[in-house]
Amino acid sequence: NKETTMAKPASRPASKVQLTHPDRVYWPKEGVTKGGLADYYAEVWPYMEPYVVDRPLALLRCPDGIDGQQFFQKHGWKGINAAILQVEDPKEPGEAPYIAIKDFDGLIGLVQAASLEIHPWGSTVGDWERPDMLIMDLDPGPDVGWASVIAAAEEIRDRLQDMGLHAYVKTSGGKGLHVVSPLKPSAEWPQLKGFAKDMADQMAADSPGKYVSTIAKAKRHGKILIDYLRNQRGQTAVAPYSTRARPGAPVSMPLGWEELDPAIGPAHFTVSNAPTRLAKLASDPWADFGRDAVPLPVKRQRRGN
Ligand code: ATP
Ligand code: MN
Ligand code: MN
């Protein structure tokens, strides 16, 4: 039941990378194949490119599809496709190189390697130490209603905006939402982590019935974990438009704030319906992401410190 997708001929890229076994099935129930995955990425590439190019990447590789073995992989491997870059972490000279891509061929190289999820760093290989985005990952407990997750995302947006930052939202393709704030690289990782932790702790202190900021407390039902730990050197979050190795072939979909709606759940958008959504969009809801980057506000020094 492969849906015919609406191509955008002007922007749809072609790849020189050879896909072997394009009929290999990755999402059995949905009938999404390796070739279908490559077609999906050709559709979304113009939107996805800024968030995956020139960043260290972690991959969830599933050679036998979502029901087989899964490998979460940060480093290059023997026989890696030439379209995929291998980059040395300046803090780990001589150690195993990280994975990066610079173009659509690189993405198709990842597809060829059965990468069903793509998880970039929040900094680029040109500036490893200074992140260019903040990511707040909202992880709802099992009995939290979706309207509460939306409210949490909006509260984070408001708090970010009060501090002069901009906020964007996407579905995770799993259970939650991610609120992402573009940064002008300036603060280094420890400062960003401190900033994100302060916000998560403050939200938990202000609304202890709704939010927790530590994983230990997140086991309590009925609460949303404000997972600020994406904002650490070496940590990753799933890329905008990346597929998820989960039933339904969901994708992480950037949205406009006005689109948040109880009817659109965290895994609403999929490999099958995402291209149609993009074809119908009047404009990319994240179009201003790059332009909206500002430096992380510097923390006021406490007296006595
Ligand atoms: P959900 O909405 O279901 O929470 P998510 O992508 O936000 O989806 P989390 O479990 O909240 O998932 O986030 C964990 C993050 O840790 C992922 O985004 C990923 O970058 C990273 N990660 C995922 N799998 C692994 C793994 N096996 N080892 C290390 N890090 C992982
Ligand atoms: Mn999450
Ligand atoms: Mn999380």
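Visitor: Which residue stands opposite I135 in β10?
Guide: Strands (E, at least two residues) and helices (H or I, at least four) are DSSP runs, numbered from the N terminus. Six bridges join β8 to β10 in the antiparallel sense, and two strands pair if DSSP finds at least two bridges between them. L134 stands opposite S181 in β10. Opposite I135 stands V180.

Visitor: What kind of model is this?
Guide: Residues are numbered from 1 along each chain as its sequence is written, while chains are lettered from A and ligands numbered from 1 in the order in which they are written. Local features need pLDDT of at least 70, side-chain atom pairs count only at pLDDT 80 or more, and totals for chains, interfaces and linings use all residues, since the model is predicted.

Visitor: How many residues of strand β10 are buried?
Guide: A residue is buried if 20 or more other C-beta atoms, placed from the backbone, lie within 10 Å of its own, exposed if 12 or fewer, and partly exposed in between. L177, V179 and S181 point one way from β10. H178, V180 and P182 point the other way, and they too are buried. Of the residues in β10 (177–182), the number buried is six of six.

Visitor: In β10, which residue is the bridge partner of T171?
Guide: Strand β9 (residues 168–171) joins β10 through four antiparallel bridges. The hairpin of β9 and β10 has five residues between the strands, and G173 there takes a positive phi near 80 degrees. The bridge partner of T171 in β10 is L177.

Visitor: Which are the edge strands?
Guide: Six strands form an open sheet with mixed pairing, in the order β11-β12-β8-β10-β9-β13. An edge strand here pairs on one side only. The edge strands are β11 and β13.

Visitor: In β12, which residue is the bridge partner of D139?
Guide: β8 (residues 133–140) and β12 pair in the antiparallel sense over four bridges. On β12 (residues 224–227), I224 and I226 point one way and L225 and D227 the other, and all are buried. Parallel to β12 runs β11 (residues 211–212), joined by two bridges, with Y211 opposite I224. For D139, the bridge partner is L225.

Visitor: At about what angle does helix α3 run to β10?
Guide: Helix α3 (residues 146–162) lies across β8, β9, β10, β11 and β12. Axes are lines fitted to C-alpha atoms, for helices over the stretch in contact, and angles run from 0 to 180 degrees between N-to-C directions. Against β10, α3 runs at about 15 degrees.

Visitor: How are α1 and α2 oriented to each other?
Guide: Helix α1 (residues 34–52) and helix α2 (residues 104–112) pack at about 135 degrees, with axes 9 Å apart. Angles under 35 degrees count as roughly parallel, over 145 as roughly antiparallel, 65 to 115 as roughly perpendicular and the rest as oblique. Therefore α1 and α2 are oblique.

Visitor: How do the residues of the contact of α1 with α2 divide?
Guide: K34, L37, A38, Y41, W45 and V52 of α1 meet F104, L107, I108 and V111 of α2; contact requires C-beta atoms, placed from the backbone, within 7 Å. Ala, Val, Leu, Ile, Met, Phe, Trp, Tyr, Cys and Pro count as nonpolar, Asp, Glu, Lys and Arg as charged, and the others, Gly among them, as polar. The residues divide into nine nonpolar, no polar and one charged.

Visitor: Which elements do the buried residues of α2 pack against?
Guide: Eight of the nine residues of α2 are buried, so α2 is largely enclosed by the rest of the structure. The buried ones include F104, G106 and L107. They pack against α1, β3 (57–61), β5 (85–87) and β7 (115–120).

Visitor: Is H21 buried or exposed?
Guide: Most residues other than glycine have a negative phi. H21 has a positive phi of about 50 degrees, and its place is in the segment before β1 (25–27). With 11 other C-beta atoms within 10 Å, H21 is exposed.

Visitor: Does A249 count as buried or exposed?
Guide: A249 has a positive phi too, near 50 degrees. A249 lies in the loop between β12 and β13 (254–255). With 27 C-beta neighbours inside 10 Å, A249 counts as buried.

Visitor: Which residues does P285 touch, not counting residues up to four places away in sequence?
Guide: P285 sits in the segment after α5 (274–280). P285 is partly exposed, with 19 other C-beta atoms within 10 Å. Leaving out residues up to four places away in sequence, P285 touches P254, L255 and G256.

Definitions and conventions
Contact = placed C-beta atoms within 7 Å.
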